Amino acid sequence: MPIDALTAPWETLAFCLLLLVAPVVAESRARRTPRWHVVVLAAALAGTLFAADASVAYLMAAVTALVHAISAWRFSRTGAAALVVSALMALGVAATVGADQITAAFLLSTVAVALRAGTMPFHVGVASLCDRAPRVQTQQLASTIALVFIHLRFVDHHDEAIALAPIIVRFGAAAAFVAALHSLVQRDLRGFYRSTTATHGGMVLAALGAASLHNYAAALLVTVSAGLALGGLGIMIASLEERVGVVAYGRSSGRVDAFPRLAVAFALFGAASVAMPGTVGFVADDLLLHTLWMESPVGTVLMILASAMLAVSTLICYSHVFLGRPASLLAPDLVPRERVVAVALAALVLILGFGPGLVLYPADAFLEVAPTPVSTPDGGSR
Amino acid sequence: MPDMLHLMLALAIVAPLLSVPAIGLRVLLADHFPSERFAFRIAEAGLAVSTLASIVVFGYFAGVFGAPVRGEVEFGRWLHIHDYEIPLVLLVDRVSVTISLFAVILTTIVARFSRTYLHKEPGFVRFFVLLAFFATGTQLVALAGALELFFAGWEILGISSAMFIGFFHERDEPVRSSVRAFGTYRFADAGLLIATVVTFELLGSARFSALGRAGTLPAAEATLIAMLFLLSAMGKSAQLPFSGWLPRAMEGPTPSSALFYGAVSIHAGLFLLLRVWPVLEVSTPARVAGVVVGLSTAFYAASVVRVHTDAKGALAHATLAQVGLILVEICLGWITLALVHLVAHALLRLGQYLRAPSLIHDSHRLGHVHHHPSWLERRAPRLAVRLYAASLHRLRLDDRIDVAFSPALALARAIDRLDRRLRSALSLDGPA
């Protein structure tokens, strides 16, 4: 295996750890996630990404989901329950993949990803996390990236995956379109975050569907891009709500003068989530559209329209939340710990925007290789 | 010296862009907000370097530094995976070097003008960040050698335009106008994005040079691509039925209105059509559609400008009428005329927009201008009255677009209700 390929799990681990640690750094000490959660999650993520065996990798993925569920429980029982269900799915994959039931493993793994990414209509748990615990949601995005990584590595190199790809692509594109349309009528910041997450959930699922046609690296880039953009948005939303409470749209509120840095960071992560040029979202979106075209031109058009609608709803949200007559607010702008997180995530969003090859090439070299021989219907193996 | 050419082309695009993180990082990391002087100097330095680089590139094109340079200049690949690539390729030709130099010089002039005009405005720093961002977008649009790069620049123009329209965000109206303009842009941009994907799939590359093979495509496919490009150009250049956002865009500061809706951005759609001319050339239906749209817009805008009472709004519609005529010229294949018309028109409008605040003084000085009945008023007074009323309401374009989109919004609300029910049925939590 070339050196490039060996860097893929390390790089993915780095993104996952960043998303795992970022909310902890940004949080005030009193509300901080217990340290053991972070340590266990980091170890389980490393185990997920570096496991040579599919069953072990999915077992580790189940552990991460359960630890997230424990973190989520005090904020959102619905979110915690969805995470437990996804853990059960991961355990199911571990069992079925061990018994050479690759089709069942593929389907279970796909549903687990849809649950974790918040793809409509599997979005109820993630929507609850977006509403009640955006920082836990950011952390669980880290392990969603790891889950996608092992899905691409272990269960996507299969003829059944290719056969099911058109269905998954169309389903993902339709889910993204519906969620983006939904985002246009949201009346509060949490609703915006929910529907943005659901739109990206559809994109991730569609990318996963198209991945089986040797677009593994593209699917990983789409997931990393969604993770960074949504993670950044989640942390900024949590920071804003700590200062001003729950934000409903109503009249424009003029917060940009009180929180200029928060507004800049929100705008940047919002721009990344709607594929603005210069951000990783732009390249990921472009690559996604080209891979989708192979499976479904209609799905591609739906995805383009979804992206356009999401961009409009992001501007609507920004204008309601930050613009308007200057308000006199006593709360401070981003404090240093939050600024560090915003700058680190923003830097990564921009660096990957200009150099997407940093993720793509190692991931392509690593994920293109099927880890174990998989039997094919004609009795051969590949 | 090809290396020098590469450097200059890169600087023409990247130099203004570098001032964005330079100012942005200072905003994020420093304790104090940057001063006006700092923001202006950084933005002006980026623009000055870009201007010099554009002049040198023009020199290469004109043959000042040896044999004239023409064609694609390769910078490698933005990404390349299997059979898909986004090439980093710029184009040096008559259209690109003219527009690049022209746009950066106008942006630099407007930047200098704005330093005084916006002195002590609360959004001074934001204005210069956006101006640098916009300059990057125009250079990318002008010099891009492939549709993906062009699209990146195109999007930058769109977002910076929306931000400028909503610049005075303390009032509700500019913010609403900004969202409306951005919505129109994104809807029309979908056409460009679909066209880019389809072009790549059908021609094997999204380079502008590959569009020369458009003649080999079946007529229906060539027409589909040409129509998508035309749709995108119509949105960006505010052609009917997308003209409603342009008068609303006058909510922005005068210098940005001058640069965007007088000089550069409003002509970007026309520039796109000049760039993709080989596709347009082989599609007669698209060219006919372009002529119809251009003439309709020119007629509509000429009618509205006669009844408009505010200076910037009248200028916006006067601009629109000329842009409609340039669209007609392009679709008729009069490319050189269209390019000359575009440059001359942009220069005239820039001056007019920048002088718009002085028009009040001028009108006081000149006194009342008597109304002389027009030919239509003399021949068909009833029709003239109807036309007057329709022009006053701008054909209710915005209302009609709202009506066209209302089923989609109704569907979105239905989805919202369904989503609430689903989440409430499956929820294990109490109220948030």
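Modeller: Two residues are in contact if their C-beta atoms, placed from the backbone, lie within 7 Å. This is a predicted model.

Biologist: Which residues of α9(A) and α12(A) meet?

Modeller: From α9(A) come A:Met203, A:Ala206, A:Ala207, A:Gly209 and A:Ala210. They meet A:Leu288, A:Thr291, A:Leu292, A:Met294 and A:Glu295 in α12(A). By class, that contact has 7 nonpolar, 2 polar and 1 charged residues.

Biologist: Why is α6(B) called largely enclosed by the rest of the structure?

Modeller: A residue is buried if 20 or more other C-beta atoms lie within 10 Å of its own. In α6(B), 25 of the 32 residues are buried, so the helix is largely enclosed.

Biologist: How do you know that the span of α6(B) is close to the expected one?

Modeller: Helix α6 (residues 172–203) of chain B reaches 46 Å from its first C-alpha to its last. At 1.5 Å a residue, 46 Å is expected. Just after this helix, B:Gly204 takes a positive phi of about 80°.

Biologist: What makes up the contact of chain A and chain B?

Modeller: Chain A gives 52 residues and chain B gives 49. Helix α13 (residues 297–322) of chain A gives the most to its chain's side, with 10 residues. The side of chain A that touches chain B has 32 nonpolar, 12 polar and 8 charged residues.

Note on methods
Residues numbered from 1 in each chain as written. Chains lettered and ligands numbered in written order. Predicted model: local features only at pLDDT ≥ 70, side-chain atom pairs only at ≥ 80, totals over all residues. Helix = DSSP H or I, 4+ residues; strand = E, 2+ residues; numbered from the N terminus. Expected span 1.5 Å × (residues − 1). Buried ≥ 20, exposed ≤ 12 C-beta atoms within 10 Å, placed from the backbone. Nonpolar A, V, L, I, M, F, W, Y, C, P; charged D, E, K, R; others polar.
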